[in-house]
Amino acid sequence: MTRASKAFPSWDESLDLSEILSQGAQKLLEGYSHIPPSDVESHVRTIAKKGWDIRDYPCFRMFWFLDFDLSRSPQYAQVLELLKSGALFIDLGCGVGQDIRRLVYDGAPGQNLIGLDIYGGFVDLGFELFQDRASLGASFLIQSFFDDTTLLRRVMGKVSVINSGYFMHLWDWDGQIRIGQRMMELLPTGGGLVTGVHFGSKRSGRWVPDGGTEMFLHDKDTLTTMWTQIGKMAGVRLNIEAIVQDDIKCQYYDTDGFIIRWVVQIGSHAN
């Protein structure tokens with residue numbers, strides 16, 4: 001049975017940002033973007049409202065784009081070392097490109113980083129937020145992940161690290177399978193690494209967010225089953241690791257909701 005969610009709250013100018021900013025965003029925006037400390041809060045509020053006006057995603061209303069979620073992955077240090085040694089990285093559904101900026105802030109070369117998003121306005125907001133249009137060095141693809149563009153074809157088989165932070169989970173089961181297959185086309189024959197975050201649920205299955213399209217909410221077992229199927233279809237061995245984390249933003253939508261933070265290591269082709 002398909003379950004539905006309740007509507008997310010409307011824009012709230014009074015939201016307290018002190019805790020969000022204190023967890024690293026304030027320091028990065030001062031040190032990386034050279035924004036005066038007294039201007040940081042008003043600056044991020046302006047960016048968030050502009051993002052909300054493009055698409056009313058909860059990440060703008062709740063300022064979750066300041067979480068730098070990839071840096072919370074248990075494999076973040078491994079990702080960073082791979083990029084420092086020359087590996088190519090793509091961030092799917094990059095939004096304002098916050099994870100790309102955190103990687104650069106932590107020492108990754110900007111020229112090794114690619115962001116992909118269907119909304120060019122989000123990418124422009126990222127440059128406005130981080131004040132780095134002339135210095136970042138990363139590339140951005142404004143397109144659907146399924147579009148077979150010349151720019152995307154150029155990196156097929158060359159990307160060593162893929163990040164899917166709250167991206168893959170936006171689709172139903174079949175759509176997530178298609179995304180996994182597409183990811184396999186980006187990775188080199190010898191292997192690669194995919195990191196991701198899903199909104200999951202103890203009641204895994206079909207789910208419809210208010211005003212949105214159907215998604216499939218996973219638990220650890222269904223996520224592992226899905227990735228195992230993707231690996232078999234691609235003829236490669238996969239090592240799948242997933243951890244469940246309670247999170248209030250998931251529980252607003254679904255009382256059984258949680259975050260699934262996962263990593264897929266792609267090995268050699270199966271015999």
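A helix axis here is a line fitted to C-alpha atoms over the stretch in contact, and the angle between two axes is taken between their N-to-C directions, from 0 to 180 degrees. Keep that in mind for the first stop, and remember throughout that this is a predicted model.

**First stop: helices H8 and H9**

Select residues 173-186, which form helix H8, together with residues 220-234, which form helix H9; their axes come within 9 Å and cross at roughly 45°. The crossing of the two helices is right-handed. To see where they meet, show the side chains of H8 residues including Trp173, Ile177 and Met184, and then those of H9 residues including Met226, Trp227 and Ile230. Sorted by class, the contact of H8 with H9 has 9 nonpolar residues, 6 polar residues and no charged ones.

**Second stop: helix H4**

Next select residues 76-84, which make up helix H4, and colour its buried residues, Tyr76, Val79, Leu80 and Leu83. They cover an arc of only 95° around the axis, which puts them on the same side of H4. If you now display what these buried residues pack against, you will find helix H5 (98-105) as well as strands E2 (89-92), E3 (113-117), E5 (161-165) and E6 (192-201). Following H4 you come to Gly86, which has a positive phi near 110°.

Select His34, in the loop between helix H1 (18-31) and helix H2 (40-54); although His34 is not a glycine, its phi is positive, at about 60°. Then select Phe68, in the loop between helix H3 (58-61) and H4, where phi is again positive, near 50°. Which of these two is buried and which is exposed? His34 counts as exposed, because its relative accessibility is 64% and the cut-off for that class is over 50%. Phe68, by contrast, has a relative accessible area of 3% and is buried.

**Last stop: Gly110**

Finally, select Gly110, which lies in the loop between H5 and E3 and which counts as buried at 7% relative accessibility. Leaving aside residues up to four places away in sequence, Gly110 touches Val104, Leu136, Gly137 and Ala138.

Note on methods. Residues numbered from 1 in each chain as written. Predicted model: local features only at pLDDT ≥ 70, side-chain atom pairs only at ≥ 80, totals over all residues. Heavy atoms only, no water. Buried < 20%, exposed > 50% of the residue type's maximum accessible area, 1.4 Å probe, protein only. Helix = DSSP H or I, 4+ residues; strand = E, 2+ residues; numbered from the N terminus. Arc of directions from axis to C-beta. Contact = heavy atoms within 4.5 Å. Left-handed = near helix turned anticlockwise from the far one by under 90°. Nonpolar A, V, L, I, M, F, W, Y, C, P; charged D, E, K, R; others polar.
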